[in-house]
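Here is a friendly tour of a pocket and a core. Have a look at the model first, and then we can go through it together.

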Amino acid sequence: MSDARPATARERAARTKRERSRRALLEAAAELFAAQGWLPTRLEDVARRAGVSTATTYNHFPTKHALISHVYAPLVAPPLERARVLLAEGRDVVEVLEEHVRDLAAVTREHEALTVPFVFAVQDHSARTGRGPDPADTADPRIIAPLAQMLVELIVRGQAEGALRPFPPGRDFATQVLNLLLLRVMNRRGEPAELPAEIVLTVLFGALRPEVLVEAGGEGRPFAR
C-alpha cells in the first residue's frame, strides 16, 4: 500500500501555476528564438513575453542552453520514436538508418528557424565545457534534445551485425554525419530536405557500405528522390 498522501488544494494550485508558467515560457522562447536567433534572445526577454518574473524563468530553466533545448526536444522526438517502432517491427537496420536520416533532414529543415539557434546552443555549450555529452549535466543540449542518439544506435548496431563496415567508429562517425546535415541547414536556408538527406546518406554509406554506391552505377545516386 502506498504511503503517499493526496495533494492538498494549495499544492494542486501551485502545481497548476508552475505548469502554466512553464508552458508560457516555452511558447515565448520558441517565438523569440525563431524570430531573433540565439545571441539576441535573452532569458529576461523570454520572461517578459511569457508574463513571468526572471526568477521564475531561472527556476524552470537555469540557462539559455537548457531553454532552447527544451523548446527543441519535442520536435526531435517523433523521428526517434519512429526509428524505434521500425526496429521493433523487425525492419532491417540499414533500411531504418536510411529512413531515419531522411526523417532528421525533414524535421531539421521544417523547423530550421529553431534548428539554427539550437545548433548554436550546442556549439556554445560544447566550447564552454570542453567535453562530450554528459548525462549528469541538466543543461546539456545534447542530452535534453538527443538529436544524435538514434543515429549512433543504428550505426553501432549495423556495425555489430556486420551490415556496415566497422570503421569509422559508429559513435564518432554519427556525430560527424549529423554535423554535416546541420551545417547544410544553417548555410542553405529553405533548401528542400531531399537534397541534404541525399548528400548525408551518400557520405554515410560511402564510408560504411560503399558497395551501395558501386552497385548504383551511372551517376551513383542511389539515394536521390
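## The pocket lining

Three helices, α6 (112-129), α8 (149-160) and α9 (170-187), each supply at least two residues of the lining of the largest pocket. Helices here are DSSP runs of H or I with at least four residues, numbered from the N terminus. The biggest contribution to that lining is from α9, with nine residues.

The volume of the largest pocket is about 640 Å³. Among its 25 lining residues, Pro133, Arg142, Ala148, Thr175 and Leu178 are the closest to its centre. Sorted by class, the lining has 13 nonpolar, seven polar and five charged residues. A pocket is an open set of points on a 1 Å grid where a 1.4 Å probe fits, with protein on both sides within 12 Å along at least five of seven lines, and lining residues have an atom within 4 Å of a point.

## The nonpolar core

The largest nonpolar core holds 62 residues, and Leu97 and Leu204 have the most contacts inside it. From α4 (64-88) comes the largest share of this core, 12 residues. Such a core joins buried nonpolar residues through side-chain atoms within 4.5 Å, where buried means under 20% relative accessible area with a 1.4 Å probe.

## About the model

This is a predicted model: local features need pLDDT of at least 70, and side-chain atom pairs count only at 80 or more, while totals for chains, interfaces and linings use all residues. Residues are numbered from 1 along each chain, and side-chain values use heavy atoms, without hydrogens or water.

How values were computed
Points joined across faces, edges and corners; volume = space filled by probe spheres on them. Nonpolar A, V, L, I, M, F, W, Y, C, P; charged D, E, K, R; others polar. Buried < 20%, exposed > 50% of the residue type's maximum accessible area, 1.4 Å probe, protein only.
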